[in-house]
Amino acid sequence: MSSDGSARPISLPIPDSKGASRTTYDDLGLGEHAAHASRSKLSGQNLCHNDPMFVPGAAGAGECFFGQCGAAQTHLERQGVGIGDVFVFFGLFADSESGEPHHRIFGYLRAQQIIPLADGAPPELQALDHPHAIAMHASNDVIWRGEGQVAARASDALRLTIPGGPPSMWRKPAWLKPGGLSYHDRASRWAVRGQLQSVARGQEFVADIGRRQAPREWLAQVIAEITAT
């Protein structure tokens, strides 16, 4: 994955490992990037797991389709995530000039529908070639659907990693307090003022913001940066 200042951040889907894809990196225009990032272990002909899948809209925000299953979906259910909640997607990127690795936000999804796949995927999702619609990944497989968009530029406001720091050391918004993010209960992760030591591997970090206004203002700013052209 790479970013280049104000240029569009390029997020590479992971390789297909379940035989549940009809989409190659070349289909997404990412063949050269996949080869470069994998040091030629992958090529444009390799199938990829295109998820989250962003479908551009005619005007304004498009749609996002995000497959979840297994422990990840169970965690979302236990945390009470549902319709109206917002997914903020982040990934590991490298600056194309300095090569500095860092985490940054690259897209969002405002959940408007949760589609269970146990009885089969609707034809419209199969037509999109979404990997979770092509083949079941687990008994609790679902697709989250709603308004969503991928970032058009690599804004500094979407960078999570502190300047010059290791990728896992993030700038922490003032409203995010210890104990307020799932998988991050250890006190030492919050030891440095204004920073958060994120877990080495993980996904579906959930912050229950209740009725607080500050997190909503932060989220609005993030979405504004994602949708800015």
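The protein has 5 helices and 10 strands in its secondary structure, where helices (H or I, at least four residues) and strands (E, at least two) are DSSP runs numbered from the N terminus. This is a predicted model, in which local features need pLDDT of at least 70, side-chain atom pairs count only at pLDDT 80 or more, and totals for chains, interfaces and linings use all residues. Residues are numbered from 1 along each chain as its sequence is written, and side-chain values use heavy atoms, with hydrogens and water left out.

**Overall dimensions and surface**

- The radius of gyration of the protein is 18 Å, which agrees with the value near 17 Å that a compact globule of 229 residues would have. This radius is taken over C-alpha atoms, and the globule rule is 2.2 Å times the number of residues to the power 0.38.
- Along the principal axes, the C-alpha atoms occupy a box of roughly 50 × 40 × 35 Å.
- Buried residues make up 43% of the 229 residues; buried means under 20% relative accessible area, exposed over 50%, and partly exposed in between (1.4 Å probe, protein chains only).
- About 12200 Å² of the protein is accessible surface, and carbon and sulfur atoms account for 50% of that area. Accessible areas come from the Shrake-Rupley method with a 1.4 Å probe, and for residues only the protein chains shown count as cover.
- Of the contacts between residues at least 6 apart in sequence, 63% link residues at least 24 apart; contact means heavy atoms within 4.5 Å.

**Strand pairing**

- Strand 6 (residues 86-95) pairs with strand 7 (residues 101-116) in the antiparallel sense, over 9 bridges. Two strands pair if DSSP finds at least two bridges between them.
- Across this pair, F90 stands opposite I105 of strand 7.
- The hairpin of strand 6 and strand 7 has 5 residues between the strands, and G99 in this hairpin has a positive phi near 75 degrees.
- Strand 7 also pairs with strand 8 (residues 142-150), in the antiparallel sense and over 9 bridges. I143 in strand 8 is the bridge partner of I115.
- Strand 8 has a further antiparallel pairing with strand 5 (residues 62-68), over 7 bridges. Here E147 in strand 8 is the bridge partner of E63.
- Strand 8 is largely enclosed by the rest of the structure, because 7 of its 9 residues are buried.

**Backbone geometry in loops**

- R39 is found in the loop between helix 1 (31-37) and strand 3. Although R39 is not a glycine, its phi is positive, at about 55 degrees.
- R39 is exposed, because its relative accessible area is 76%.
- S40 lies in the loop between helix 1 and strand 3. The phi of S40 is also positive, near 70 degrees, and S40 is a residue other than glycine.
- S40 has 63% relative accessibility and therefore counts as exposed.
- The peptide bond from D51 to P52 is cis, with omega near 5 degrees. P52 is located in the loop between strand 3 (48-49) and strand 4 (53-55).

**Two partly exposed residues**

- A138 sits in the loop between helix 4 (131-134) and strand 8. With 22% relative accessibility, A138 counts as partly exposed.
- Neighbours within four places in sequence aside, A138 is in contact with C69 and G70.
- A138 and S168 are 30 residues apart in sequence, and their C-alpha atoms are 29 Å apart in space.
- E225 belongs to helix 5 (residues 213-227). The relative accessible area of E225 is 22%, so E225 is partly exposed.
- When residues up to four places away in sequence are not counted, E225 touches R153, S155, A157 and L158.
- E225 and L158 are 67 residues apart along the chain, with 7.3 Å between their C-alpha atoms.
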